[in-house]
Amino acid sequence: MKINPLNFFGRRTKVLPPHFITTSIFASEYQTTLIDKWIYENCHGRYCMIKTSEWIKDRMRPKVTIGFENPSDLTLLALSGQLNK
């Protein structure tokens, strides 16, 4: 694994800034943990994961909004297939 110097300063932010590029998926807590680990190991810029819930057809579903400072990190995540699991 390559050493990323940004890891020492906390790449994951708690607030989603307006300039981040975002995507939203419906994912369980386990899938969210796997995606977070994958992003931490394979992407290089800052990112944010916001967990919310949404009503769909009389059912509450967990929703995760993922934001990246670098658009290339979102492209890498989409091409990896992690969002389709």
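D36 counts as buried, at 19% relative accessibility, where buried denotes a relative accessible area under 20%, exposed over 50%, and partly exposed a value in between (1.4 Å probe, protein chains only). This residue forms a salt bridge with R12, the closest N and O atoms being 2.9 Å apart; a salt bridge is taken as a side-chain nitrogen of Lys or Arg within 4 Å of a carboxyl oxygen of Asp or Glu. Because D36 lies in helix α1 and R12 in strand β1, the pair ties together parts that are 24 residues apart in sequence. R12 itself counts as partly exposed, at 36% relative accessibility.

The model is a predicted one, in which local features need pLDDT of at least 70 and side-chain atom pairs count only at pLDDT 80 or more, whereas totals for chains, interfaces and linings use all residues. Residues are numbered from 1 along each chain as its sequence is written, and side-chain values use heavy atoms, with hydrogens and water left out.

The protein contains two helices and four strands, which follow the order β-β-α-β-β-α from the N terminus on. The radius of gyration is 13 Å, close to the 12 Å that the globule rule gives for 85 residues, so the protein is as compact as a globular protein of that length. In this comparison the radius of gyration is taken over C-alpha atoms, and the globule rule is 2.2 Å times the number of residues to the power 0.38. Helices (H or I, at least four residues) and strands (E, at least two) are DSSP runs, numbered from the N terminus. Along its principal axes, the C-alpha trace spans about 45 × 25 × 20 Å.

Of the 85 residues, 32% are buried. Among contacts with a separation of 6 or more, 66% are accounted for by residues 24 or more positions apart, a contact being defined by heavy atoms within 4.5 Å. The accessible surface comes to about 5,900 Å², and 58% of this area belongs to carbon and sulfur atoms. Accessible areas come from the Shrake-Rupley method with a 1.4 Å probe; for residues, only the protein chains shown count as cover.

Helix α2 comprises residues 71–80, and D73, L74 and L77 are buried within it. These residues cover an arc of only 100 degrees around the axis, which puts them on the same side of α2; the arc is that of the directions from the helix axis to the C-beta atoms. The cover over the buried residues of α2 includes β2 (21–26), α1 (29–42) and β4 (60–68). Just after α2, G81 adopts a positive phi of about 90 degrees.

A search of the whole structure finds four salt bridges, including the D36 and R12 pair described above. Another joins the side chains of R46 and E69 (3.0 Å, N to O). R46 is located in the loop between α1 and β3 (47–55) and E69 in the loop between β4 and α2, so this pair ties together parts that are 23 residues apart in sequence. R46 is partly exposed at 31% relative accessibility, and E69 is partly exposed with a relative accessible area of 29%. K63 forms a salt bridge with E54, with 2.9 Å between the closest N and O atoms. K63 has a relative accessible area of 21% and is partly exposed; E54, at 29% relative accessibility, also counts as partly exposed.

The loop between β3 and β4 contains K57 and D58. K57 has a positive phi of about 50 degrees although it is not a glycine, and D58, likewise not a glycine, has a positive phi of about 60 degrees. K57 is exposed, with a relative accessible area of 80%, and D58 counts as exposed at 79% relative accessibility.

F9 lies in the segment before β1 (12–13) and is exposed, with a relative accessible area of 72%. The C-alpha atoms of N7 and E41, 34 residues apart along the chain, are separated by 9.7 Å. E41 is placed in helix α1 and is partly exposed, with a relative accessible area of 39%.
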